[in-house]
Amino acid sequence: MSSQNHLTKLLLASPRGFCAGVRRAIEALNSALKTYPCQTIYCYHQIVHNTLVVKDFEKRGVKFVNNIEGVPDSSILVFSSHGVSPSIRQQTIRKKLKTIDATCPFVNKTHLEVKKYATEGRKIIYIGHKSHDEAVGTTGEAPEASFIIESAADIPDIPYSTDSQVALITQTTLSVDETEMLKQQLRQKFPNLIEPPKIDICMATQNRQNGVKDLVKQGAQLVVALGSPNSSNSNKLKGVAEKAGAKAVLLEEIADLDLASLKNINCIGLTAGASLPEEKISEAVKWFKSQGIQEVAEVSVADESRINLPPVQL
Ligand code: SF4
């Protein structure tokens, strides 16, 4: 292949891969395995949306479940980084489960916003993916007062009158630009719309999207985004690259790359969603080098090294 392609340069986005919330959730599950070596550890939903991470934990004995009823009474159950609704918490109490809550603090913040607005008697519009664990968990704080929209096509279905007291909440891992467009339309339809003081999209998501835009600005013709298809933030990286004018693919790992997509490409951009382990990125860099790439340059848009989240309490 290396003799047939025209690859010369690899631009590597920074930050990329694991965010602070994902790292924290993985550490929590690792600690649970260490602390309770003789008990089965259950995890409600995938701890983070990455197949490789989940398979690794499964090999080490963790059982991932989508239904609390199947978990034996008094077991240990970890809540994933995406959070859970109060109704799930109630079920765990009924079953006397010992719970370890690895919900990302940035997701928890949106739970508090939903609770606050619902208590104030407001209706909530939540921009997010209807079946995503995070969206289900967050709107579950006040299901009777919440309506999820994914795109502008859903706006006519919002069951609130235009003069309602409406509050807006967004999923943490959306595309910043798409969300802004939707917000503008919602502001026009609902003049009383209240928005949180700061956008809910987390810095990790925003940094990775800004990084992709810079990859394209600096010449990447094809952006390879590594991440699982069910990872919201990884999917958005592909969309952001395309919108910036490059070709883009989302792959679980570099072995999945269709070599035909490299035709007429000189400069590749590489990034990864917030739930992808660094070794998969290193593997990809190594593979591109084996294809003849000589120049690897990092494109940095932000420093996340100072984001320290408190560890999960076991
Ligand atoms: S992407 Fe953001 S909200 Fe999601 S786990 Fe990472 S830091 Fe938390």
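What volume does the second largest cavity have? In this predicted model, the volume of the second largest cavity comes to about 40 Å³, and a search of the whole structure finds 2 cavities of 30 Å³ or more. Lining the second largest cavity are Leu 168, Ile 169, Thr 170, Lys 183, Pro 196, Ile 199 and Asp 200, with strand S8 (residues 166–170) giving the largest share, 3 residues. By kind, this lining divides into 4 nonpolar, 1 polar and 2 charged residues.

The largest cavity has a volume of about 310 Å³, and 27 residues line it, of which Cys 19, Val 22, Thr 172, Thr 173 and Ala 274 lie nearest its centre. The elements that give two or more residues to this lining are helix H1 (20–35), helix H4 (105–119), helix H7 (203–217) and helix H8 (232–243). The lining of the largest cavity is made up of 13 nonpolar, 12 polar and 2 charged residues.

Arg 16 counts as buried because its relative accessibility is 17%, and buried means under 20%. A polar atom of the Arg 16 side chain lies 2.8 Å from the backbone oxygen of Ala 13, while a polar contact of 3.0 Å joins the side chains of Arg 16 and Glu 298. When neighbours within four places in sequence are left aside, Arg 16 is in contact with Arg 208, Thr 271, Ala 272, Glu 278, Ile 281 and Glu 298.

How values were computed: Residues are numbered from 1 along each chain as its sequence is written. This is a predicted model: local features need pLDDT of at least 70, side-chain atom pairs count only at pLDDT 80 or more; totals for chains, interfaces and linings use all residues. Side-chain values use heavy atoms; hydrogens and water are left out. On a 1 Å grid over the protein atoms alone, a cavity is a set of points where a 1.4 Å probe fits but cannot get out, and a pocket is an open set with protein on both sides within 12 Å along at least five of seven lines; lining residues have an atom within 4 Å of a point. Grid points are joined across faces, edges and corners, and a volume is the space filled by probe spheres set on the points. Helices (H or I, at least four residues) and strands (E, at least two) are DSSP runs, numbered from the N terminus. Ala, Val, Leu, Ile, Met, Phe, Trp, Tyr, Cys and Pro count as nonpolar, Asp, Glu, Lys and Arg as charged, and the others, Gly among them, as polar. Buried means under 20% relative accessible area, exposed over 50%, partly exposed in between (1.4 Å probe, protein chains only). A polar contact is a pair of N or O atoms within 3.5 Å; within protein, one must be able to donate a hydrogen and the other to accept it, and residues adjacent in sequence count only if both atoms are side-chain atoms. Contact means heavy atoms within 4.5 Å.
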